[in-house]
Amino acid sequence: MVKLAGFRLGLESDEGYYTRGENTETYEEKRYGSQGGKYIDRRNKEWVREFFEEHGFEWEDDRPLEDKEVLVSAGGTGRIARYLEGAGADVTCLDLSREMLSEGRGKGEGTISYVQGDARDLPFEDDAFDYVVSMRSAHVIQEGLKDYMEEMGRVSEEGALMDTFSTPSLRSIYNPLLTMDSTLYSDTEVESLVEDSDVVDIDSKNEEFVLPYAAFLISGNISVLDTLVEPLASLNRMLESRDLTDRFSSVTVWELDPVD
Ligand SMILES: C[S@@+](CC[C@H](N)C(=O)[O-])C[C@H]1O[C@@H](n2cnc3c(N)ncnc32)[C@H](O)[C@@H]1O
């Protein structure tokens, strides 16, 4: 067994990964605690902020999402939910894992509603929320990504945001070694899932992280590499801006529109 960046590397898969205490208690620290993890967290939140700015919200305003109802689907321990709570939204954080939700309770301002449920069959009425956000979670959906996307469209009145982990990418090389059942989707596969959908449309997509998350997370275990995070981030930005390389991005960020 090899240890890298806080992840156990092995060839067997692990469906219960997000329900076991040893993983849920350390989830945020392992994924977002290192310099590299903080960079990933910052980028994820920038994508969320940019999505809301495109929908007309000024992030410089105090609590720009005041009175907006936002669902964070497969929201885990509430990392993104707390970010949106800080922006003034009324936030619901849904996740399949009670253990992940329990870790989230008690953090933040205390206004988030935590709901246990399946993101592919949301326990909410049509248009129950203004917006739905799902970050870093579609990759754990091995079956039913179409339902996952359609549910985001069904319960949102204005729009939804999600990301997928993509193939082909540098992540394709090491992904089979990870034990948390990460599924990589090609952009074409995602697009074809909902091309005839009468519930949700793809509005736009952005290609991110040509250098995959592992390149940044390695600094979590090897602190001497912390200093590499900023140069790697610059290299990554340069690669993302070139057509030839950005097609190998490891993350695609999708903006979805509900179909009326
Ligand atoms: C990598 S974690 C991401 C958590 C959070 N979105 C974040 O960015 O920190 C993936 C989460 O998806 C949840 N999950 C997996 N399958 C799900 C499903 N069908 N419905 C809802 N949540 C699910 C897991 O329990 C886990 O909390």
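Predicted model: local features only at pLDDT ≥ 70, side-chain atom pairs only at ≥ 80, totals over all residues.
Beyond its neighbours within four places in sequence, Val72 is in contact with Ile80, Ala81, Leu84, Val91, Cys93, Val133 and Ser134.

The ligand has 18 residues around it, of which Tyr18, Ala74, Gly76, Ser97 and Ala119 come nearest. Sorted by class, this shell consists of nine nonpolar, five charged and four polar residues.

Helix α3 covers residues 35-54. Its 20 residues should span 28 Å at 1.5 Å a residue, and the end C-alpha atoms are 29 Å apart, so the two values agree. The buried residues of α3 are Gly36, Gly37, Tyr39, Asn44, Val48, Phe51 and Phe52. An α-helix has 3.6 residues a turn, so residues three or four places apart point the same way. Just after α3, Gly56 takes a positive phi of about 95 degrees.

Helix α10, residues 229-240, contains Glu240. Is Glu240 buried or partly exposed? Glu240 counts as partly exposed because it has 16 C-beta neighbours inside 10 Å, whereas a buried residue needs 20 or more. Setting aside neighbours within four places in sequence, Glu240 is in contact with Glu207, Glu208, Val210, Asp246 and Ser249. Gln142 lies 98 residues from Glu240 along the chain, and the C-alpha atoms of the two are separated by 27 Å.

Technical notes: Residues numbered from 1 in each chain as written. Contact = placed C-beta atoms within 7 Å. Near = placed C-beta within 6 Å. Nonpolar A, V, L, I, M, F, W, Y, C, P; charged D, E, K, R; others polar. Helix = DSSP H or I, 4+ residues; strand = E, 2+ residues; numbered from the N terminus. Buried ≥ 20, exposed ≤ 12 C-beta atoms within 10 Å, placed from the backbone. Expected span 1.5 Å × (residues − 1).
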